[in-house]
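Reader: Could you walk me through this one, taking the local geometry a piece at a time?

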Amino acid sequence: MIVDLIDYLRDRLPTVIRCCYAVLAALVIIDIFVDKHHAHTWIEHYPGFWALFGFIACVAIIIISKWFGHQGIMTREDYYDN
Amino acid sequence: MITDTWLHPSLILICGALLLPFFKGMARRTFLILIPVLTFINVWQFSPEGMWGAVNFLDWQLIFGRIDRLSQVFAYIMSLMCIIGTLYGLHVEDDLQHIAAWTYVAGSLGVIYAGDFLVLFLFWEVMAFSSVFLVWFRKRENSLAIGFRYLLVHTAGGLILLAGILLRFKETGGDISFVHLDVTNPSLYTYLIMAGFMLNAAVPPLHSWLPDAYGEATVTGAVFMCAFTTKTAIYALARGLAGMEILVPFGVVMALYGVVYAVLENDCRRLLAWHIISQVGYMVAGVGIGTELAINGACAHAFAHILYKGLLFMGCGSVVHMTGKSKFTELGGLYKKMPLTFVFTLIGGLSISAFPLFSGFVSKSMIIAAGFEKHIYWAGFLLTLASAGTFLHTGLKVPYFIWFGKNNCSQETWDKAADPPWNMQAAMFIASFLCILIGSYTPYLYKMLPNPVEYHPYTAYHLSETMQILLFTALGFFLLLKKLAPEPKISLDLDWFYRFGGRGFLWLAKKPIQFVDSCVGEIYRVVGLGSLMTVSDFWSWFDWHGIDGVVDGIARSVRTLGDTVRRAQNGQMQFNIFWAATIAACLLITYVFS
């Protein structure tokens, strides 16, 4: 059943991707109407702030980590072997 | 339930461990489940708050059972995890693995209930010396070396802790009680005790032992290890050092450090290990913030973490168990072969990522909220950033590169891949159920926390914030998927220093020190020994001919005289008269003529 469901979604990948984009857009739109009195800082009051934060955080983590890794931190698997 | 006596739960586990080899077949399996269940029931129902298990030892009163809300929440989840872990490893025929795991859990519970530093130290060491077997029992080529590294690092940590305990004992005039230390005016001993705890919590730079050992432990051993050592250390920090502000930057660095290394990691269990460091970073920061909400958050997150991290290690462990492979570059596309394992691991991934309705959502946010409420904004934002990284790896990278993505499996790996035996699935099911229960029904966890809870995670703002962060992280993941493709590499870390430091020491001992030692030996042989022999020869000669000569000469003279006198006294009267008369005549003639 699980496999069938996954295969069903994979067969309709373009539609699934379009739905995902629609969800992302909906999230930002909904955020305009969300009560923000729980927010701790002024910047959080901008609609879609956390969407931007999440996206930039993800991109920054990947790019900075990979850059860091390729500065000599990532090395061959038998590095510690005698 | 109120009782007059209290039985230490560690005692049940240790007795169980000792008796286990006497059981065989079905009875053994029943016994394997019974002992952790009894331990859990004992913790849950028969451990009333108070001080129990006081033992007089030398001048001290040792407390084995300090039971309050803080110790109870940790003991509850640890004994529960022991049931799940043992069920997961039910198929393991080797008794020693179960014995090591139970002794390890007994050590953790001993620390949790310890009322003084001596008992704490005793169980602290029990944990280290029993858990190392869970690495050694993997029996791979490098298991022995990894185990010894793990043991040496923990022994060093134990000694630092002991040094702190002894200094405190001296400074306070004999106080060994394990209570909250003065964090506003910390002494040297406060820092030493903190460092000892921090090593077990894997706080950088004292963290490299964790991915090293957890990535290489046995499949079932890693499930135990990921739950106990670091969370016991969090308990100890929360008990002794809540509000120690230096822990906030340490915790934030930890949370980010684990995320960075997880990007580079190619081994699924090592990736999960890096995320332990990241998640424990939240708890360390929570302890450092120190408010009631933050301590609640640290405890809640430890509780949730034990379950979802155990679940993730069980999911990836199932892949290792079935296929023998753990590297992303040797896996991929397995959803058709291991669908249930995929679902369980995904639930673990969504829980650690703090998705609404999953456990991390109701625990992690407490710590971040506590940071914002105390106006430590930088910590709040950086911890939120790290949570994006958590979803990126554990929620997306692990499931994607094992169950989807490019199929890197060899034919042999593909043929072997299948969902694991029933007991492993059952354990994953229970952990999954609890992850969802905690996230969906907050009173279950919140009622157990040490402080009263006035926190509501399910607000519209928090939901909107979380969903935006998570789903836009997912967007970034899929856009940069090619950059995240696993590479068959390892990443150098701070263990480089002691691994090469150890080799450097060995080289120093083998080459220069041994060379100098050989030279000294040769010089001694040629110069020292030769001259010594000459001097000895002289003294030997002197002794023989000089001292012995004199002594022996006197002795010989006395003997000769005695002999002569003896022969002179032979009892023949005529000779005596002859000699007496002769001598008398000689004397008379001499007198007359002189």
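Author: Helices here are DSSP runs of H or I with at least four residues, strands are runs of E with at least two, and both are numbered from the N terminus. This is a predicted model, in which local features need pLDDT of at least 70 and side-chain atom pairs count only at pLDDT 80 or more, while totals for chains, interfaces and linings use all residues. Residues are numbered from 1 along each chain as its sequence is written, and chains are lettered from A and ligands numbered from 1 in the order in which they are written.

Reader: Fine, so what follows H12(B)?

Author: Gly324(B) follows H12(B), and its phi is positive, near 80 degrees. The helix itself covers residues 292-323 of chain B, 32 residues in total, and reaches 46 Å from its first C-alpha to its last. That is close to the 46 Å expected at 1.5 Å a residue, where the expected span is 1.5 Å times one less than the number of residues.

Reader: Where is the kink in H12(B) centred?

Author: The kink is centred on His305(B) and amounts to about 25 degrees, the bend at a residue being the angle between axes fitted to the seven residues ending there and the seven starting there.

Reader: And how many of the residues of H12(B) are buried?

Author: The count is 29 of the 32, so H12(B) is largely enclosed by the rest of the structure. A residue is buried if 20 or more other C-beta atoms lie within 10 Å of its own, exposed if 12 or fewer, and partly exposed in between, with C-beta atoms placed from the backbone. Ile295(B), found in H12 of chain B, is buried with 25 other C-beta atoms within 10 Å, and its C-alpha is separated by 28 Å from that of Thr473(B), 178 residues apart along the chain.

Reader: Switching to the strands, what do E1(B) and E2(B) form?

Author: They form a hairpin with 2 residues between them, and Leu58(B) in the turn has a positive phi of about 50 degrees. Strand E1 (residues 50-57) and strand E2 (residues 60-67) of chain B pair in the antiparallel sense over 7 bridges, pairing being assigned if DSSP finds at least two bridges between two strands. Phe57(B) has Trp60(B) in E2(B) as its bridge partner.

Reader: Then which residues does a cis peptide bond join?

Author: A cis peptide bond joins Pro204(B) and Pro205(B), with omega about 5 degrees, and Pro205(B) sits in the loop between helix H7 (188-200) and helix H8 (209-214) of chain B.
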